Amino acid sequence: MITMSNVYKTYDNGVQAANGITVKIKQGEFVYVVGPSGAGKSTFIKMMYREQKPTTGSINVNGLSLETLAERDVPYFRRQIGVIFQNFRLLPKLTVHENVAFALEVIEEERDVINQRVKDVLKLVKLEHKADSLPNQLSGGEQQRVAIARAIVNQPKVVIADEPTGNLDMDTAWEIMDIFREINERGTTVVMATHNADIVNTLRHRVIAIEGGKIVRDEMEGGYGYES
Ligand SMILES: Nc1ncnc2c1ncn2[C@@H]1O[C@H](COP(=O)(O)OP(=O)(O)OP(=O)(O)O)[C@@H](O)[C@H]1O
């Protein structure tokens, strides 16, 4: 469960990127975050995984209050959330297997457990055969599948994705959406910022529209609602 209550965010340069946001996202929901460029979608999402802190207001994720969360507990909190970006952000010198295993090595899981979990998750994203490849030997869609595998290998309750199909062609974007659908069907909450009208209009889920740092629309099975 994610709740935001009266959240405001003013960046150091004076830009007000969140302007009184109150919202509740239940465990297991799939939520698209839409809105024009600069509307505050990334800021909204970044505050959920504590990449940005609100100026005022409170945020609670998985029962943890982010206001009172000590800096030393941030890494522990982050491990409960899978984050996926538009530009994949894989470690270029590590293989696919190593990129995914890395998330488990930092929590000092046993080697056998790590190997099994990495294998399982690479199977889910249909990349078992590329386990020994380096990121630059993969297509964009494959790289994003590795990034998703890395994000979910810790079995987080929440997956947050900022424009995950932004660098991909439509066919590849749909393959990626298929994986998100599967993750969500397993009970994981998915929060996804996107400009992709086709996806939002076809694979219907809750839509939260943000403009000027405010939620201007929040509809179950809503559409994209912007020209694209
Ligand atoms: N670190 C930052 N410092 C200062 N201003 C910022 C910062 N990050 C974002 N902003 C500003 O906050 C506003 C909201 O930005 P945000 O990235 O949240 O929008 P967005 O809806 O995700 O946009 P896009 O669709 O283009 O990614 C914009 O005016 C942006 O310039």
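A residue is counted as buried here if 20 or more other C-beta atoms lie within 10 Å of its own, and the legends below describe a predicted model.

**View 1. Helix α5 and the elements that surround its buried residues.** Helix α5, which runs over residues 140-152, has 13 residues and reaches 19 Å from its first C-alpha to its last, close to the 18 Å expected at 1.5 Å a residue. Because 11 of the 13 residues of α5 are buried, this helix is largely enclosed by the rest of the structure. The buried residues of α5 include E142, Q143, Q144 and R145, and among them are also V146, A147, I148, A149, R150, A151 and I152. They pack against the strands β6 (81-84) and β7 (158-162), and also against the helices α3 (96-105), α4 (111-124) and α6 (170-185).

**View 2. The shell of residues around the ligand.** By residue class, the shell divides into 7 polar, 4 nonpolar and 1 charged.

**View 3. The chain as the setting for both close-ups.** The chain holds 7 helices and 10 strands. Its radius of gyration is 17 Å, close to the 17 Å that the globule rule gives for 228 residues, so the chain is as compact as a globular protein of that length. The C-alpha trace spans about 45 × 40 × 35 Å along its principal axes, and 39% of the 228 residues count as buried. Among contacts with a separation of 6 or more, 68% are accounted for by residues 24 or more positions apart.

Technical notes: Residues are numbered from 1 along each chain as its sequence is written. This is a predicted model: local features need pLDDT of at least 70, side-chain atom pairs count only at pLDDT 80 or more; totals for chains, interfaces and linings use all residues. A residue is near a molecule or strand if its C-beta atom, placed from the backbone, lies within 6 Å of it. Ala, Val, Leu, Ile, Met, Phe, Trp, Tyr, Cys and Pro count as nonpolar, Asp, Glu, Lys and Arg as charged, and the others, Gly among them, as polar. Helices (H or I, at least four residues) and strands (E, at least two) are DSSP runs, numbered from the N terminus. The expected span of a helix is 1.5 Å times one less than its number of residues. A residue is buried if 20 or more other C-beta atoms lie within 10 Å of its own, exposed if 12 or fewer, and partly exposed in between; C-beta atoms are placed from the backbone. Two residues are in contact if their C-beta atoms, placed from the backbone, lie within 7 Å. The radius of gyration is taken over C-alpha atoms; the globule rule is 2.2 Å times the number of residues to the power 0.38.
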